[in-house]
Amino acid sequence: MDIIVIGAGIIGAALADRLAAAGARVTVVDAAAPGQETSATSLGWLNANATLDPGYFGFRVAAMRAWADLAGEFGEPPWYVPAGNLTWADTDESREELSARVDRLRGRGYPARLVTAAEAAAIEPVLRELPRGALAAHFPGEAYVHGGPAAQV
C-alpha cells in the first residue's frame, strides 16, 4: 500500500513510522525538515495523573509506556526527559483533591505518593520552599518529550 503523509511534525512522523513498520510504503511531504515547524517549539507532557475516565487513563498510561520504550531504542535521547512531576496544593479544597488523586492513582498501580517538604526539596533542589500548609505529591513515572527533535528521529 502506498500512503502519503502531509506534515513531518511529531504527529506526521509518528504516523509515518507506524505505517512503515506495518509494511506500507510511505512518503512524507512537508515544506520544512521534519520537526521544524510547530513541533520545533512543542513540549509533550506524558502523564495520566489527573485522568478520571478509566479508558482514557489506560490509553494515556499505554502512551507513556510506548514513549519510554521508543526512547529506550535510542539509549538516553535528549528529546525524552523522564523527569517525574512534583506538584502541591495549598487550599483546603485542593489539598483534599490532591490527596484523593494520589490514593486513586495508587489504587490503579500508578506511581504516586505524597511527599514531605524535605522530600520535595530533594526531588527539586531549586525549590526554595513550599507554601505554608501545602500538601505535595510526586509522580515519578511521568516525563516530557521535545517534539521537534523526537520528530527528526
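## Strand 8 and its partners

Leu-46 has Ala-143 as its bridge partner in strand 8, and strand 3 (43-46) pairs with strand 8 (143-146) in the antiparallel sense over 4 bridges. Helices (H or I, at least four residues) and strands (E, at least two) are DSSP runs that are numbered from the N terminus, and two strands pair if DSSP finds at least two bridges between them. This is a predicted model, in which local features need pLDDT of at least 70 and side-chain atom pairs count only at pLDDT 80 or more, while totals for chains, interfaces and linings use all residues. Residues are numbered from 1 along each chain as its sequence is written, and side-chain values use heavy atoms, with hydrogens and water left out.

Strand 8 also pairs with strand 4 (residues 80-81), again in the antiparallel sense, over 2 bridges. Here Tyr-80 has Val-145 as its bridge partner in strand 8, and Val-81 stands opposite Tyr-144. Together these strands form an open sheet of 3 strands in the order 3-8-4, with antiparallel pairing, and its edge strands, strand 3 and strand 4, each pair on one side only.

In a regular strand the side chains alternate between the two faces of the sheet. Strand 8 has a covered face, made of Ala-143 and Val-145, and an uncovered one, made of Tyr-144 and His-146.

## Two buried loop residues

Glu-142 lies in the loop between strand 7 and strand 8, and at 0% relative accessibility it counts as buried (buried means under 20% relative accessible area, exposed over 50%, and partly exposed in between, with a 1.4 Å probe and protein chains only). Leaving out residues up to four places away in sequence, Glu-142 touches a set of residues that includes Trp-45, Leu-46, Met-64, Pro-82 and Tyr-110, where contact means heavy atoms within 4.5 Å. From Ala-20, Glu-142 is 122 residues apart in sequence and 28 Å apart in space, C-alpha to C-alpha.

Thr-51 is found in the loop between strand 3 and helix 2 (54-73), and with a relative accessible area of 6% this residue is buried as well. Its contacts, leaving aside neighbours within four places in sequence, are Tyr-56, Phe-57, Arg-60 and Arg-108.

Another open sheet of 3 strands has the order 5-7-6, with antiparallel pairing. Strand 5 (85-89) and strand 6 (113-115) stand at its edges, each with a single partner strand, so one side of each is left without a neighbour in the sheet. From one strand to the next, the twist averages 35°.

Strand 6 is joined by 3 bridges to strand 7 (residues 135-139), and the two run antiparallel; in strand 7, Ala-136 is the bridge partner of Val-115. Helix 3 (residues 92-107) packs on the sheet and touches strand 5, strand 6 and strand 7, its direction making about 30° with that of strand 7. For such angles, axes are lines fitted to C-alpha atoms, for helices over the stretch in contact, and angles run from 0 to 180 degrees between N-to-C directions.

Ile-4 has its place in strand 1 (residues 2-6), and it is exposed, with a relative accessible area of 59%.
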